[in-house]
Each structure stands twice: as C-alpha cells, then as structure tokens.
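Let's take a walk through this fold together. Please bring up the sequence and the model side by side before we start.

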Amino acid sequence: MSSAFEKLGRILQLELEQGCRNRAVIGGLERFLAYWQKQALEEQASGATPAGPRVEEVLEALRDYEAKPPASRREAIAALLASLAQPQKGAPEQNALPPVPQEVAPPSSQVPAPVGAPPAPPEEKSLKAPAEPSRPAAPEPARILDLFEVPVTALYGVSTAYQRRLARLGLKSVGDVLYHLPRRYDDYAHLKTINRLNWGEEVTVVGVVRRVETQQGRSGIPIIRVTVSDGTGAIECVWFNQPYLAKSLKAGREIVISGKVDEYLGRLVFTSPEWEPLRRDLLHTGRLVPVYPLTEGITSRWMRRLVRTALSEWADRLREYLPPAVREGAKLMGLQEAIRQVHFPDDWASLEAARRRLCFDELFLLQLGILSRRRMWRSQEGYAFHVPQEKVEQFIASLPFTLTGAQRRAILAILDDLQRPVPMSRLLQGDVGSGKTVVAVVAMLVAAWNGYQAALMAPTSVLAEQHYRTLQQLLAPFPEIRCELLMGSLSNSEKARLHQEIAAGQVHLVVGTHALIQKTVTFQRLGLAVVDEQHRFGVMQRGALSAKGGEAQPHLLVMSATPIPRTLALTMYGDLDISVLDELPPKRQTIVTAVRDRRSRERIYSFIEGQVAQGRQAFIICPLVEESDRVDAKAAVAEHKRLQEEVFPHLRLGLLHGRMKAEEKEEVMAAFKRGEYDILVSTAVVEVGIDVPNATVILIEGAERFGLAQLHQFRGRVGRGEHKSYCILLSDDPSEESMERLAIMEETTDGFVLAEKDLEMRGPGDFFGVRQHGLPQLRVAQLSDTAVLQVAREQAVALFEQDPQLAKPEHAPLAEAVGRFWRGVELS
C-alpha cells in the first residue's frame, strides 16, 4: 500500500503535467487534501513519514489552491515536489500530530422514520439518544497534543475566509472551538404529532413534504410555503427570503421540523422553523439544540456543523487531566463526555452534569494557580521586624479617636506578620470610613522604626494627596519620621530631588501614584509596600512596587474599600491573608438613602438647590458618558449641558467622565474639592477616592443599572463631613423587581450585606474585572457558583498538600493543564 506522501507526490506530479488546472483528482486538490491529511497524520505520528514537508506545511502551501493564479500553483507544487524528493532521515518527528480517530457523531437523538403515512406515535414523547457507537481506544498520553496549539484550519470546511471570521470570535484553534460553549439551548426534544399541536409551544414534528410553493412577497422577497403531513394531519411551514429551500424540500422527502407553533388566519403554522432531513444523527432539530455566539458571515447551522466536526475528529484527543481521586471526590463526569454533552446534550440533566464538570475544572485550576502563587511568595526571604510595643501604644494614644475592635484585631494580625522572616501578604478590607489608613500607618511606622522605608501607592493623585495629608496629621507626634509625596505632576527638579533622597534613605515614608514604580525610583531599603484601592491595580503593578525591595522581599499590605463576600475573596485573593474591618467608628453618621422614580425629579432638583443654598455641594451620577441610540439612559455630557442651561443656570457645574485625560480628571476633582463647583456631574469614575467633606447629596441617575456594591461605593462619597448627608437613587425602571432590589439600599448601610446580595442577584461582574486581578479569563464558570467553588477549593487544597509542585508522574497532565490555564498570567 502506498504511503500518504507517495500518493501525494504522484498526484502533484500529475497536476504539474496537466498544467496546474486543478484536474488531477476529482473534486480538486483541496477536496483530496481533506481526506489525505488523515492518513498522513497517522503516518506522521507513528514515525513512518519520510523526511520532507510536514502535513501542516503541505496544507499551508496548497491552501486556497483553486483561487491561486497558474504561476503561483506551479511554484507551490514545484517546491513541494522538491521537498518530497529529499532523502530519508533517521529520526521521526517528535512533535507529530496523533492519529485522527474514526468519525464519531456526538450524542444525538433518534426519531422513528415515517414510511408514507405512518401510524400515529404516542401522544407525547421525548426523543431518546441512540446507543453511542463504540469509540476507538484513546491514543497513548505521550502522543496526545495540546488541542489549543492545533490551528482551526485543521477542521474540514474551514477556509482562510472562515478562519478570519472565527478569529473575531476568539476561535483560533481546535481547542477554542471545543470550548466555544452555547449561550443557550432551544428545546426541540419534545416530539408531537400534528393533530396534537397547540399554539405557542416549541415542538418537533416528523413528516413528509407534500407540497412546495414559491411566492413573491409585497417587497419582492421570495416566500417558500411547504406543506408537511405525518398521517395524523398536515401543517404549513413558511420561510422568507430563502429561495434555495425550494430545491432542498422536494415532495416526498422525509424531514424533521422544530420550532414554535404560530397562528395565521386561524390555522396553525410554523414560521421559519429549523429543519433537516430525517436521519439517525439529528443536529438542528429533535433535541436540545445549541445556540452559539456568532459573528457576521457565520450562521448557527454552520457553527453547529463545525462543532460536530471538532467533536467527532478531535474530542477523543482531549486528555483527562484530573486525578481519579479528584473526579471521584467531586463526583464529576469524564472530560470527553462533558465536552460532548455540553454541546449536544442528551437531556437537561446531562447538560447540568457537563457544565458542572467544566465549571469545576476552571475553578480547580484557578485555585491551584492561586495556591502556587501563595507558596512562591512565602518561599521568599523577608524582613523580620522588631515591634516596639511602647511606641505603637504611644501612636495609638495620640489619635484623636478610639480604635474600633476590628482595627485592633487587624493591627495585631499585621504586627504578627511583620515579625516573621516570611514576607507578609495581607488584604485589609473595609468599608468606606472604616479606618484602613490608620491601620496601615501603624505598619509603616514599624518599618521606619526598624530602619526600613515604607511606600503607599494610590491609583490617583487626589487619593495620594489625601493620604499624604492624613499621614502628616497622624505623624505629628513623631517629627523624626519624614514623609514625602511623589507624583508624576511634580516638576522635574522636585522629582529628581525626591528620587535622590529616597535612594539615600533620607525619606522614611513615601506616598505616591504609579510614579512610585517607575524605573527611576530606587529605595535604599524598602521594607513595606502598601497598595490602596487594590482593585485599581493589576498584579503586575503590585509586583513592580514589591520588586523594589532589594535583597529580600518587602512585606505587602493591600487595601480595598470594596466589600467582597468571603467566598469571592477566597477566590480572588486566595494568595493573601485577609483582615476585615467590619465596624465603623461610633461617631460615623448614617447617610439617609431614598429610592425614587422619575416622577420625583423636580422635587429632587429643588432639594439639591436648597442644599447648595446652605453652602453644601452635590454629586449627580450618570450611567453613560454620551447618549446612545441603543441604551436609554442618562449620559453625563448631555445631562451636564441640560442641567447647566435649563435647571441650574445660576450654579457652577463641573463635568467628569472616563474619556477625559488623567490630568483633566485630576484637575476637575481637585477644583470640586476646593469648592469651585457647586455640583459635579460625573460617570462611575467618581466611585472611589474623592473625599469632599462639604458634599452632602449624591443623586444617582439610572440607579438600576448599577450593582448594589457599586451604589454603596457612590453613597460613600458623601457623609464624610459634619453635615447630614443624603443618597438619592433615581430609577428609570419602575418594575417591582427593580424597585425591590434598590430598596435593599434603604434597609442597610452594611457593605458586606450588600455585597452578598449583589453576588447572589447579579454575579461577580459588578465588583471588578477578573483580568485586573491577574487571574485567567473564565470560559464556563461564574464566581457566583459558590457550591462548586467550595468543592473545587477543598479538592485543590487537599491535592496541593500532597504534591505542591505537581511533580508526581500521575500529575503531569494536570501540571500541563494548570500551565495552559494560567498562560499569559503572572503567577509570581
């Protein structure tokens, strides 16, 4: 029997002799290559391939052969023939593709085939999946390649044009296609006879085409009317602007129709239903039919066929990387079966089991990476500080207020960390006004008293300035401690002076923005890095500050004013120890919160005007920057203009939004703080960081568009001074559900209660972006899947205790999966 490459050589030689007219084989070279590559891949994997071009090189050289001009065809074939003529070499290719298993259809539904006018089947029944055909044995693990490295063009039917379209969906490899999950499913598994159909239900009918008519609509659009019968009755199916159906739907053909039963002129009809010929393996009808995210140039039917091709040709290549103990402990479906069932499920129960497996996988790999990150951090050498208790107590006694119990507990935990030779890695989480800065200052002072420097990095200049002023006040009893402010807005001479003094160790505490992590900034002995508003910085920026520690790793304290539910915090910050400030200072005033609808707008404006007349200031928050035809919501730019011209013409209104340059935003916030504006119209960029004690009112337009946790952050912009403050939530959605959700804001001011409710009702997206936190993107799992998350964490911790480096041979596939999942993300 000739080898695949010998066969290819003869075909190419014949094609060259015939003038490269694409006539050497029936159907053309591209069709021949679709079948040739299977044999060639098998030979290449077994090492039987002669020296010369690899399979991928052949496919690439002859891609779009039909479209190539004759000269390009001759050039490509001549080059391949020359390469095929190379002498045999000894060593087989090590990275060869494994053999492609025989085509195996995904689990599907089976329907009885009507012959002529069949007897009526039972009144209602679900289509059952046929017994799955036997599959070839899985290839040996060493020969299974990473399907995320196999280009999508390896799938039959994917041309260069389709490759570009799939790339718009992020599908560049076979693995991407296998994990391109449906966004929903149409339930067409319910089979009924025509005489038992009811208006409005989604069903499947098996019947025979009796009549096909083509008509012209009023606008010239062709209308195809097809009558289908099944022995119990007949029903008309109508399709618009699909004239080709007249050729496919011939009288006498047995077909399966799935769709919603409509009514037209008093009789039942199907309008644009899904259909396909009656066969054993149904793809578009008679089952739970997947509906995928699409892009221009790709239809639902084409995508389903592509996924089925990927499943039948490549799913057997998916390597089961979870250890048996983990699969059994978590009661999980096998990976290959889960991938098949999530695309073409036998039933809803199978779909749920498949989704649970894939969801577990992501959360499990996520936890292993986080545990690894924690282990790497703790394996580094740190600075063990001595804690001078007398000085700490002296600082606490000098404060103009009494620390809360939560603050004292956090300080004790941090001081305990600082005394260890392992670098601290702790999250200090607390609501707005809970006193995080004071806790951080204690740690910074301990570093200074030990002869080290401490740096506090804030996301904006306004925040950095606020922290600097706070530190200056708190450090008044300790004049020997020098604190400086470093920002990009300083003059070059000021920055140069500070850089020199910081490098010489003359500055003990440095407060700044991103300027702190510039290459020009060098610390003499950085012992503690404090990062404020953690969710505004990525892991890379956080790490850049820590990397300035010199011979050992500085201690790290990150702070967040965004209350995060415990389950979510364990996932997002599993590499950190967590301290929670869940008590507010006793004199902190309660902000009056009210939910109103659009009918109250004029009264709200009058109330704001009254507050300004008393010398106060106000925020007005809009969901959008500019108006949109697709979204009916207030936009900051247009609303600022309207309010200034029509509602508050005698007041001074400022505008703040995310499209402004950083310097412009900083200047507007500073001007508002100085009292140069009476009202600040802003988008969500004002969510954190601005401290204006004179602001007493915040009006949030389109409040239903924000999560509860974000609304709570907005509310924290007021109530920071001595005057009574108000938060008004104005909803554009009068529905009972929307108003009930917002009413929770009236009931509680506890950020952690609101965060739990937010996670329960809207998922984790309102808290922060996953990528911002240096975590991989999740394809399947939601961080609100707390039950699966808990199991995944337990299993990950148990496995990590046994084999933290995943060095055991049986964990090699898992180690590869963790590496691939975290690829492109900094683990350290």
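What follows goes from the sheets to the cores, then to the aromatic rings and a few loop residues.

This is a predicted model, in which local features need pLDDT of at least 70 and side-chain atom pairs count only at pLDDT 80 or more, while totals for chains, interfaces and linings use all residues. Residues are numbered from 1 along each chain as its sequence is written, and side-chain values use heavy atoms, with hydrogens and water left out.

Let's begin with the sheets. Helices (H or I, at least four residues) and strands (E, at least two) are DSSP runs, numbered from the N terminus, and two strands pair if DSSP finds at least two bridges between them. Seven strands make an open sheet with parallel pairing, in the order β13-β14-β12-β15-β16-β11-β17. At its edges are β13 (483-486) and β17 (577-581), each of which pairs on one side only. From one strand to the next, the twist averages 20°; axes here are lines fitted to C-alpha atoms, for helices over the stretch in contact, and angles run from 0 to 180 degrees between N-to-C directions. Look now at β17 and its parallel partner β11 (residues 425-430), which are joined by five bridges. Leu-428 has Ser-579 in β17 as its bridge partner. Helix α13 (residues 405-418) lies across β11, β16 (555-560) and β17, and runs at about 155° to β17; contact means heavy atoms within 4.5 Å.

Another open sheet has six strands with parallel pairing, in the order β18-β23-β22-β19-β21-β20. Its edge strands, β18 (592-597) and β20 (653-656), each pair on one side only. Ignoring direction, neighbouring strands of this sheet are turned by 20° against each other on average. Helix α22 (residues 708-715) lies across β18, β19, β22 (695-700) and β23, at about 150° to β22.

Next come the cores. In soluble globular proteins, nonpolar side chains tend to be buried together. A nonpolar core is a set of buried Ala, Val, Leu, Ile, Met, Phe, Trp, Tyr and Cys residues joined through side-chain atoms within 4.5 Å; buried means under 20% relative accessible area, exposed over 50%, and partly exposed in between (1.4 Å probe, protein chains only). The largest nonpolar core has 63 residues, and Leu-155, Leu-166, Leu-178, Leu-358, Phe-360, Phe-364 and Leu-814 have the most contacts inside it. Helix α11 (348-378) is one of several helices that each supply at least two residues, and α11 gives the most, with twelve. If you centre the view on Leu-155 and leave aside neighbours within four places in sequence, Leu-155 is in contact with Val-174, Val-177, Leu-306, Thr-309, Ala-310 and Trp-314. Apart from this core lies another, of 51 residues, including Val-441, Ala-448, Cys-483 and Leu-485.

How many aromatic pairs does a search of the whole structure find? There are 13 aromatic pairs, where rings of Phe, Tyr and Trp (its six-membered ring) pair if their centres lie within 6.5 Å, and planes under 30 degrees apart count as stacked, over 60 as edge-to-face and the rest as tilted. The pair of Phe-148 and Tyr-179 is tilted, because its ring centres are 5.8 Å apart and its planes at 35°. Phe-148 is partly exposed at 25% relative accessible area, whereas Tyr-179 is buried at 13%. Phe-706 and Phe-714, both buried, form an edge-to-face pair, with centres 5.1 Å apart and planes at 85°. Ring pairs also link Tyr-383, Phe-385 and Tyr-452 into a cluster.

Finally, two loop residues. Most residues other than glycine have a negative phi. Leu-265, however, has a positive phi of about 55°; this residue sits in the loop between β7 (254-264) and β8 (267-271) and is exposed, because its relative accessibility is 71%. Asp-64 also has a positive phi, near 55°, and is partly exposed at 28% relative accessibility.
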